[in-house]
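Hi everyone, thanks for coming. I'd like to walk you through one model today, so let's get it up on the screen.

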Amino acid sequence: MKQIGLLILAAIMVAACSSEENNLHIQGKVQGLKKGTLYLQKVEDTSLVTIDSITMKGSETFAFETFIESPQILYLYLNKKDNNIYDDRIMFFAEPGEMIINTTLKKFEEDVIIEGSENQKKLLEYQAMMNLFNTRNLEIIQQSLKAQQEENTASLDSANVEYDQLLRRKYLFTVNFALNNKDLEIAPYLAISEVYDANLKYLDTIYTSLTPKVKESQYGQNLKEFLKERRENEQAQKDSAPQA
């Protein structure tokens, strides 16, 4: 009886470990794909590393299972075997649970529809606003180049002022977006990926506002460590500065 009990306990422990190892389940379809390889990737030590891969042979559907400690950015990379130019990478905000990623072969990035992640919804919302900022930024650059060619000092100065104002608005929007989503992991992610060089008080405000759960997440811990390094570096610069 004792041996049977130990076997049952071992089986339960194995099942628990298996469940822990695979808390993210991704399934999807690449319409039009007949042959190629899909890679599930993540950033590790500033480099992209492959978590898993699937060789596609005549089927458009795929599935991945993996473990993530908390919501994080992952990538779905398509490497086709037909010497075509459509080799693309989809960035998405993964969350533990069930996720669905559907897209097409021809427009791998543009046609993608992702379900099953609240952080992903917010990421798309943020990116839509950034696209507006970037479009206006390109217009200002064109205005600046034209002013230089025409040697129009007034127009060039105006373009430079508007560029600085646009950059400030972009930073403030990102900070406010993070603050308004303090209960999601996208908040610390944006702080360390988009406004890492912002005034320390803004980054500190974002971190302080995070919910306990988000503070304990991967990006929450990354932001905590980043703030510590920023403070130490700024203090070191003050200490090394010549005294007046």
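**Salt bridges, a pocket and a few residues**

Let me start with Glu44, which is partly exposed at a relative accessible area of 39%. Partly exposed here sits between buried, under 20% relative accessible area, and exposed, over 50%, with a 1.4 Å probe and protein chains only.

Before I go on, the ground rules. This is a predicted model, where local features need pLDDT of at least 70 and side-chain atom pairs count only at pLDDT 80 or more, while totals for chains, interfaces and linings use all residues. Residues are numbered from 1 along each chain as its sequence is written, and side-chain values use heavy atoms, with hydrogens and water left out.

Now the overall picture. The protein has seven helices and eight strands; these are DSSP runs numbered from the N terminus, helices being H or I with at least four residues and strands E with at least two. Of its 244 residues, 33% count as buried. Take the contacts with a separation of 6 or more, and 59% of them are between residues 24 or more positions apart. Contact, by the way, means heavy atoms within 4.5 Å.

Back to Glu44 and its partner. Glu44 forms a salt bridge with Lys42, with the closest N and O atoms 3.4 Å apart. For a salt bridge we ask for a side-chain nitrogen of Lys or Arg within 4 Å of a carboxyl oxygen of Asp or Glu. Lys42 is partly exposed too, at 26%.

How many salt bridges does the structure hold? Ten. One is between Lys121 and Glu118, with the closest N and O atoms at 3.2 Å. Those two are three residues apart in helix H2, residues 118-149, so about one helical turn separates them. Glu118 is partly exposed, with 41% relative accessible area.

Then there's Glu162 with Arg136, where the closest N and O atoms are 2.6 Å apart. That pair links distant parts of the chain, with Glu162 in helix H3 (residues 153-180) and Arg136 in helix H2, 26 residues apart. Both ends are partly exposed: Glu162 comes out at 25% and Arg136 at 27%. There is also a network of salt bridges that links Lys29, Lys34 and Glu60.

While we're on H3, a quick check of its length. The expected span is 1.5 Å times one less than the number of residues. With 28 residues, H3 should span 40 Å, and its end C-alpha atoms are 40 Å apart, so the two agree. Which residues of H3 are buried? They are Ala159, Leu166, Thr174, Val175, Phe177 and Ala178. What covers them includes H2, H4 and helix H5 (200-209).

On to the pocket. A pocket is an open set of points on a 1 Å grid over the protein atoms alone, where a 1.4 Å probe fits, with protein on both sides within 12 Å along at least five of seven lines; lining residues have an atom within 4 Å of a point.

The lining of the largest pocket includes our friend Glu44, along with Val43, Asp45, Tyr75 and Tyr189. Strand S2 (35-44), strand S5 (72-80), helix H4 (186-193) and helix H7 (218-240) each give two or more residues to that lining. By class, the lining has six nonpolar, four polar and two charged residues. Nonpolar covers Ala, Val, Leu, Ile, Met, Phe, Trp, Tyr, Cys and Pro, charged is Asp, Glu, Lys and Arg, and the others, Gly among them, are polar.

Staying in strand S2, look at Tyr39. Tyr39 is partly exposed, at 22%. Beyond residues up to four places away in sequence, Tyr39 touches several residues, including Phe64, Tyr75 and Tyr77.

Leaving aside neighbours within four places in sequence, Arg230 is in contact with Tyr196, Asp197, Ala198, Asn199, Leu200 and Leu203.

That's my tour, so over to you.
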